[in-house]
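Please read the following report alongside the sequence and the structure displayed here. It goes from the overall arrangement to two individual residues.

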Amino acid sequence: MNPTGLHSRIRGCLLGGAIGDALGGPVEFMSGDEIEERFGRGGVRTFQPMYANGVEQTGLITDDTQMTLFTAEGIIRATNRMNQRCIGFTNAVIHHAYLRWADTQIHAAPFAKDGWLVGQQWLYSRRAPGLTCLSALEGGTKDVTRFGGEAVNDSKGCGGVMRSAPFGWLSNGENYE
């Protein structure tokens, strides 16, 4: 497979998801009727304002895109770890990426030195993350043996689907540096 084509599709997948998320974020909790009443029969066609850290802004991503980016980073790190050091691809690497995401929801500015993505200031904004995500990660930094273990929760939600796109890259086995 042409790596340039693959990288272009990966970028397109992430960018398309982020744009869709930014368009849909302000109406996420509205019914279809409420959306049509406010924006007309065609629905949302332009970025609408949202509040982040008490400031009205447009074009903001939500926690779903934040977690998608950390999923991607975890997959990249796990794949590179496997390809470069012959250490098996483990869920623990992605779990650790989700703990870095949780830091962006708790702290106001980067403080961790582990990873490039966690150093991006624009990600440090709590955007209504699912309580299941936060509670499933609780304790992960205290009990390292849980890395990659099954999350303990009773969620019936679809939050995992919203950050699953990067897993489609795995069938190829390339190094994603």
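## Overall arrangement

In this predicted model, the protein contains 5 helices and 2 strands, and from the N terminus on these elements follow one another in the order α-α-β-β-α-α-α. Where contacts link residues at least 6 apart in sequence, 60% of them join residues at least 24 apart.

| Residue | Helix | Relative accessibility |
|---|---|---|
| Glu34 | α2 (residues 32-39) | 42% |
| Thr71 | α3 (residues 63-85) | 0% |

Glu34, which lies in helix α2, counts as partly exposed because its relative accessibility is 42%, a value that falls between the limits of 20% and 50%. On the surface, Glu34 gathers with Asp33, Glu36 and Glu37 in a patch of negative charge.

Thr71, found in helix α3, has a relative accessibility of 0% and therefore counts as buried, since that term applies under 20%. Which residues is Thr71 in contact with, leaving aside its neighbours within four places in sequence? With those neighbours set aside, the contacts of Thr71 are Tyr98, Arg163, Pro166 and Phe167.

Technical notes:
Residues numbered from 1 in each chain as written. Predicted model: local features only at pLDDT ≥ 70, side-chain atom pairs only at ≥ 80, totals over all residues. Heavy atoms only, no water. Patch = residues over 30% accessible without salt bridge, like charges linked within 9 Å, V, L, I, M, F, W, Y side chains within 5 Å. Areas by Shrake-Rupley, 256 points an atom, 1.4 Å probe, with all protein chains shown as cover. Salt bridge = Lys/Arg side-chain N within 4 Å of Asp/Glu carboxyl O. Lys, Arg positive; Asp, Glu negative; His and termini not counted. Charge placed at Lys NZ, Arg CZ, Asp CG, Glu CD. Helix = DSSP H or I, 4+ residues; strand = E, 2+ residues; numbered from the N terminus. Buried < 20%, exposed > 50% of the residue type's maximum accessible area, 1.4 Å probe, protein only. Contact = heavy atoms within 4.5 Å.
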